[in-house]
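Colleague: Take me through this model, please. I will ask for the grounds behind each label.

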Amino acid sequence: MLALLAALLPAALPASEEAPVAKHYAEHCAVCHGADRFGKMGPALLPENLGRLKRDEAQAVIRDGRALTQMPPFRDKLSDAQIKGLADFIYTPPAQAPRWELADMRASQVIHHKPGSLPGKPVFKADLLNLFIVVELGDHHATLLDGDKFEPILRFPTRFALHGGPKFSPDGRFVYFGSRDGWVSKFDIYNLKYVAEIRAGINMRNIAVSSDGRFVIAGNYLPHTLVVLDAVDLAPLKIIPVRDDAGKSSRVSAVYDAAPRKSFIAALKDIPEVWEIPYDDKAEPVYPGLVHDYRMGEAIAEKGPFPVRRIRLDDYLDDFFFDQPYEHLIGAARNGKNGQVVNLIVGRKIADVDLPGLPHLGSGITWEYKGTPVLATPNLKEGTISVIDMKTWKTIKNIKTLGAGFFMRSHENTPYAWADSMFSPNKEALEIIDKNKLEVVKTLRPSPGKTAAHTEFTRDGKYALVSVWEMDGALVVYDAATFKEVKRLPMKKPSGKYNVYNKITRSAGTSH
């Protein structure tokens, strides 16, 4: 193992330090995090996976351990200098680019219950379409919540650091989770059991489930791939390398299901392109490049299944959003000053959108305003909600808020939209916006001094559920009409909460 670790050590590390660092990593870290640092029981220890953890924070974790996990403290086994050496090591790229191929995926696959072996009826009584999955990041659990009684049905462990939001099967029976470390997990809600798991990458952004329920796709930062899985047992079906015509590879910013189009749409972090990947067996052929008349056999279609239709842009997209018909994609440009509108039918950009403060279009929502469909999005660097006319793509209004926010949510049955200010000194505040007046009409503070974020509504839109995003946090239920608190459930840093009906019907008030 020491020889392997020495090969993985960065070339810049002085030779005199290689052996001690390799020895300490092999002795204390490899059993949980893998000799290759790709992760095992513990998360991957690579720069891409540690992006949100500062180096001094990593040293503190090595020294003191991490509460509510199996990470022990090493302060009694390693000196401060040795701890710093390990931290420096895990933040340095390995000498060879990490790979994760079909053989690795197949070796990681876990079948907890064979397909079809579990009963097709739920083992509990509740409105199956008014259930919530609440992700509790604080101790890596999820709670299945009854949306009528606001009572937990089951609290169960998840993989480390879920990201991108869970996705439901079209009938709402199964929920799929994706973790930053590349794990995809399938959970049977009816039977309250995991069905299957597989590791589709080393560092993953998010997953999407096809509208016909047959496929799951994972978008990876590391390696630069999209991976299509069989939704039944998560067996890998195809690895799609992400690179342009010149061979430049790219991380995947995000991938979503475009249900009416029966395709997946992926935005790329390092290449100014959007990819459309049809999954319909009857999809029209995809021809790379320009074709005068495909009926004359002038070009060769890209081989399937899951061919890639490339839509070339003049800027990168880090985040994006669909209109309700899924004819247009609205993406945020990396410069944070504008957005691009891409017509998916013709396959090109048709407009620019003025969006200040680095918009978070992944949390964009739509509604009808004076007979016109509008898009509203929060901004990550500015206390502004941008409201855009989706016919002219012009800004109707910038609604000033108490601070930069991340999430915005609404429902078809409420006249209000709820927005947080979690990236500002006013992180405790939730502002309620009248969708007809485009004005803030109410400010709520669920727990003064603590972060309030991510609203989601019940199936009928009568109640709004809000997270107090702290370790000693809570899920707070509000009457969506009176804004009065109805119930409060203690939770460990609850982040997102996801209503089955709103998700599978692609509600205009929530993310898709």
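Modeller: Start with the largest nonpolar core, which has 24 residues. Those with the most contacts inside it are Tyr176, Val184, Ile202, Ile207, Val216, Leu229 and Leu234. At least two of its residues come from each of β6 (174-178), β8 (193-199), β9 (203-209), β10 (215-222) and β11 (225-230). Another core, of 18 residues, lies apart from it, with Ile217, Leu226, Val242 and Ile271 among them.

Colleague: What makes a set of residues a nonpolar core?

Modeller: The members are buried Ala, Val, Leu, Ile, Met, Phe, Trp, Tyr and Cys residues, joined through side-chain atoms within 4.5 Å. This is a predicted model: local features need pLDDT of at least 70 and side-chain atom pairs pLDDT 80 or more, while totals for chains, interfaces and linings use all residues. Residues are numbered from 1 along each chain as its sequence is written, and side-chain values use heavy atoms, without hydrogens and water.

Colleague: Which residues does isoleucine 207 contact, leaving aside neighbours within four places in sequence?

Modeller: Lys167, Tyr176, Phe177, Gly178, Val184, Val216, Ile217, Ala218 and Val255. Contact means heavy atoms within 4.5 Å.

Colleague: Why is valine 274 called buried?

Modeller: Its relative accessible area is 1%. Buried means under 20%, exposed over 50% and partly exposed in between (1.4 Å probe, protein chains only). So valine 274 is buried. Valine 274 sits in strand β15 (residues 273-278). Beyond four places in sequence, valine 274 touches Ile265, Ala266, Arg309, Arg310, Ile311, Leu313, Leu317 and Leu329. Valine 274 and leucine 329 are 55 residues apart in sequence, yet 9.5 Å apart in space, C-alpha to C-alpha.

Colleague: And why does glutamate 101 count as partly exposed?

Modeller: Glutamate 101 has 36% relative accessibility, so it counts as partly exposed. Its place is the loop between α5 and α6 (102-108). Isoleucine 239 is 138 residues away from glutamate 101 in sequence and 7.9 Å away in space, C-alpha to C-alpha.

Colleague: What angle do α4 and α5 make, and how close do their axes come?

Modeller: The axes of α4 (residues 55-64) and α5 (residues 80-90) come within 9 Å and cross at roughly 125 degrees. That makes α4 oblique to α5. Under 35 degrees is roughly parallel, over 145 roughly antiparallel, 65 to 115 roughly perpendicular, and the rest oblique.

Colleague: Which residues meet there?

Modeller: Arg55, Gln59, Ile62 and Arg63 in α4 meet Ile83, Lys84, Leu86, Ala87 and Asp88 in α5. The contact residues divide into four nonpolar, one polar and four charged.

Note on methods:
Axes are lines fitted to C-alpha atoms, for helices over the stretch in contact, and angles run from 0 to 180 degrees between N-to-C directions. Helices (H or I, at least four residues) and strands (E, at least two) are DSSP runs, numbered from the N terminus. Ala, Val, Leu, Ile, Met, Phe, Trp, Tyr, Cys and Pro count as nonpolar, Asp, Glu, Lys and Arg as charged, and the others, Gly among them, as polar.
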